[in-house]
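The sequence and structure are shown first.

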Amino acid sequence: MIVLTRLNGSQFAINPDLIERIHSNPDTTLVMVDGAKFIVTEPMDVVIENIAAYRAHVISLAYAPPASDLPLGPRKI
């Protein structure tokens, strides 16, 4: 999830995988796959950077599990 700010200043989290389009005219508008629209204060390039950072984080979790999740000793087959 990424955190964005509505025009009234309240923050909300949104699943970036459900964003279909982003418009910037002049306010940044997110159009979701179900047709819902959200107007946010962040510029379009910041929203795109947040999405890229979120996806990079998800991928890093898949490839580098925390040390606490690694087995202690040889694997049993």
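The text below describes a predicted model, beginning with the sheet.

**Sheet and helix**

Three strands form an open sheet in the order β3-β4-β5, and their pairing is antiparallel. The edge positions belong to β3 (19-24) and β5 (37-40); each has a single partner strand, so one side of each has no neighbour in the sheet. From one strand to the next, the twist averages 20°. Strand β4 covers residues 28-32 and is joined to β3 by five bridges, the two running antiparallel. One of the residue pairings links S24 with T28 of β4 as its bridge partner. Helix α1 (residues 44-63) packs on this sheet and touches β3, β4 and β5. The direction of α1 makes about 155° with that of β3.

**T28**

The side chain of T28 makes the following polar contacts with backbone atoms.

| Side chain | Backbone atom reached | Distance |
|---|---|---|
| T28 | oxygen of E42 | 2.7 Å |
| T28 | nitrogen of M44 | 3.4 Å |

With neighbours within four places in sequence left aside, the residues in contact with T28 include I22, H23, F38, I39, V40, P43 and V47, as well as E42 and M44 from the table.

**Aromatic rings**

One aromatic pair is found in a search of the whole structure. R6 lies over the face of F12, at 4.4 Å from the ring centre.

Terms used
Residues numbered from 1 in each chain as written. Predicted model: local features only at pLDDT ≥ 70, side-chain atom pairs only at ≥ 80, totals over all residues. Heavy atoms only, no water. Pairing = 2+ DSSP bridges. Helix = DSSP H or I, 4+ residues; strand = E, 2+ residues; numbered from the N terminus. Axes fitted to C-alpha atoms, helices over the stretch in contact; angles between N-to-C directions. Contact = heavy atoms within 4.5 Å. Phe/Tyr/Trp six-rings, centres within 6.5 Å; stacked < 30°, edge-to-face > 60°. Lys NZ or Arg CZ within 6 Å of the ring centre and 35° of its normal. Polar contact = N/O pair within 3.5 Å; in protein donor to acceptor, adjacent residues only side chain to side chain.
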